[in-house]
Amino acid sequence: MAVLVAVFRVVLAWQEALLDTLPQCARGQDVRVKLRVDEVQRHAPEHIYGRFVVLSDIPKACPGIVGKTLRLSWRNSQNVLAVRDIVVATVRLKALWGTQNVGGFDYQKWLLASGYNATGYIKSGVLERLQKSQDPSQWVRSVFATAQLRERGALLALALGDKGQVAPEDWERLRITGTIHLFVVSGLHVGLIGGWLYLLCLACLRLAGLFLPISLHSHRSAGLLALVGIFVYAWLSGMQPPVLRASLMACVVVFAGLSQRRSVPLRMLLLTFILVVVLQPLAVFKQGLWLSYIAVAALCWAVAGYRKPMSKILAFVRVQFVLFLLLAPALSMIVGAIPLLSIPANLFAVPAVTLVALPSLMLGLLLAPINSLVSGGLLMLADLSVITTKALLDSLISLVPPRAQSLGYVPTGTALM
């Protein structure tokens with residue numbers, strides 16, 4: 001029954017996306033509107049791409065455009081845009097489009113699945129900052145600015161999921177080495193934050209139990225508090241599909257533990273998949289959904305069920321090989337490239353980001369209102385970790401000839417074998 005509901009939601013959402021088109025009064029002509037920035041990326045020093053939502057139609061000539069989500073480019077702009085900024089702009093729009101090359105990337109389907117209603121560009125615009133009280137994301141940016149961090153863009157991506165200040169050459173480095181997953185807010189980060197919060201809450205509760213005459217179920221209470229922290233982090237990062245998937249998985253795990261029921265990892269994974277499809281049905285048309293679930297299913301099948309005892313280091317190395325081998329067919333068919341450097345790159349990049357950069361970053365932000373000196377030191381440690389990771393990735397790339405850095409698309413039969 002749940003599967004049928006999920007399928008119905010996908011069909012209904014897709015039909016709604018196809019029908020929710022750009023009104024005729026806004027096609028192929030200049031329209032002056034007020035926009036809110038929801039996502040921004042700088043492809044070059046003077047070339048901005050972003051996700052914008054129309055707040056109002058200033059001349060009131062095309063009311064049907066209000067509320068539409070636009071993918072816009074802005075050339076020759078010196079403005080440093082941030083999420084939730086307001087822009088008053090003259091835009092030129094067109095309906096969603098895409099190439100029809102067989103086997104190629106379907107740009108139109110990606111636009112529809114991402115919730116866009118139109119594409120276009122900003123001819124001219126004026127930036128208006130929000131006059132409301134400072135929200136958490138703006139506060140995080142102000143803390144980073146005070147700390148004078150070199151890798152502010154990468155740390156913003158880790159903390160808030162805001163990829164707008166990550167340079168194009170950094171994305172290329174991460175793509176070649178198969179480490180993009182480390183610098184976008186994903187299930188890995190949600191799981192790490194949940195784990196660190198669980199251990200911190202557990203330690204605090206046990207310490208409180210030594211001095212206060214209270215009776216607490218430490219493990220259960222710590223799990224619930226960690227779950228609250230996970231959803232706060234998910235809210236800060238914009239509740240993106242990968243974060244929502246991981247948050248739902250965390251809910252299933254915590255409540256399965258509270259009910260003291262034996263849970264099967266693959267069954268829990270299927271349950272969260274159905275919940276995500278019901279809540280975000282258009283996500284099934286995006287590559288990230290399938291790659292993330294294939295990766296977690298690979299871990300459940302090859303790691304969670306592996307009973308032979310081994311050291312933590314060997315287990316970590318084994319995980320990297322398992323992920324490479326089982327994700328390679330999916331990457332070749334879905335993305336069209338298998339990064340051969342991913343195993344050596346992840347062997348040092350994953351510990352650097354997960355054990356140093358992310359915990360230091362989160363602790364630094366938590367301590368910023370309490371002790372600015374300690375907070376600044378932790379943020380500098382996170383910054384240094386990212387700088388070191390980038391330098392090591394560059395060294396790895398320079399050691400391997402370009403032709404040996406990746407494999408391209410392979411036929412379906414080869415991928416299945």
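Is the link of Cys25 and Cys62 right-handed or left-handed? With 65 degrees about the S-S bond, the link is right-handed.

## About the model

This is a predicted model, so to speak, with residues numbered from 1 along each chain as its sequence is written. Local features need pLDDT of at least 70 and side-chain atom pairs pLDDT 80 or more, while totals for chains, interfaces and linings use all residues, and side-chain values rest on heavy atoms, with hydrogens and water left out.

## The cysteines

A disulfide here is a pair of cysteine sulfur atoms within 2.5 Å, and by that rule the count comes to one. The disulfide joins Cys25 to Cys62, S to S 1.8 Å. The pair ties together distant parts of the chain, 37 residues apart: Cys25 lies in the loop between α1 (2-19) and β1 (30-44), and Cys62 in the loop between β2 (47-57) and β3 (69-75). Helices (H or I, at least four residues) and strands (E, at least two) are DSSP runs, numbered from the N terminus.

For burial, the cut-offs are under 20% relative accessible area for buried, over 50% for exposed, and partly exposed in between (1.4 Å probe, protein chains only). Cys25 has a relative accessible area of 33%, so it is partly exposed, whereas Cys62 is buried at 3%. Cys204 is in no disulfide, and its nearest cysteine sulfur, that of Cys201, is 6.5 Å away. Cys204 is partly exposed at 45%. Cys300 is in no disulfide either, with the nearest cysteine sulfur, that of Cys251, 17 Å away; Cys300 is buried at 14%.

## Helix α4 and the cores

Now for the inside. Eight of the nine residues of α4 (residues 152-160) are buried, so this helix is largely enclosed by the rest of the structure. Among the buried ones are Gly153, Leu155 and Leu160. They pack against α3 (136-147), α6 (187-211), α7 (218-236), α12 (342-367) and α13 (372-399). Just after α4, Gly161 takes a positive phi of about 75 degrees.

A nonpolar core is a set of buried Ala, Val, Leu, Ile, Met, Phe, Trp, Tyr and Cys residues joined through side-chain atoms within 4.5 Å. The largest one has 49 residues, and Val140, Phe144, Leu155, Ala159, Phe183, Leu361 and Leu365 touch the most other members. α12 gives the most to this core, with nine residues. Leaving out residues up to four places away in sequence, Leu155 has contacts (heavy atoms within 4.5 Å) that include Phe144, Leu361 and Val386. A second, separate core of 22 residues includes Val37, Phe52, Cys62 and Val91.

## Asn346 in α12

Asn346 is found in helix α12 and is buried, with a relative accessible area of 4%. Setting aside neighbours within four places in sequence, Asn346 is in contact with Thr177, Gly178, Thr179, His181, Leu182, Phe316, Gln320 and Pro351. From Asn346 to Pro401 is 55 residues in sequence and 19 Å in space, C-alpha to C-alpha.

## A patch on the surface

Over on the outside, Val264, Leu266, Trp301, Leu325 and Leu326 form a nonpolar patch with about 490 Å² of accessible area together (Shrake-Rupley method, 1.4 Å probe). Patch residues have over 30% relative accessible area and no salt bridge, and nonpolar side chains (Val, Leu, Ile, Met, Phe, Trp, Tyr) are joined within 5 Å. A salt bridge would be a side-chain nitrogen of Lys or Arg within 4 Å of a carboxyl oxygen of Asp or Glu. Leu266 sits in helix α9 (residues 265-279) and, at 42% relative accessibility, counts as partly exposed.

Technical notes:
Patch = residues over 30% accessible without salt bridge, like charges linked within 9 Å, V, L, I, M, F, W, Y side chains within 5 Å.
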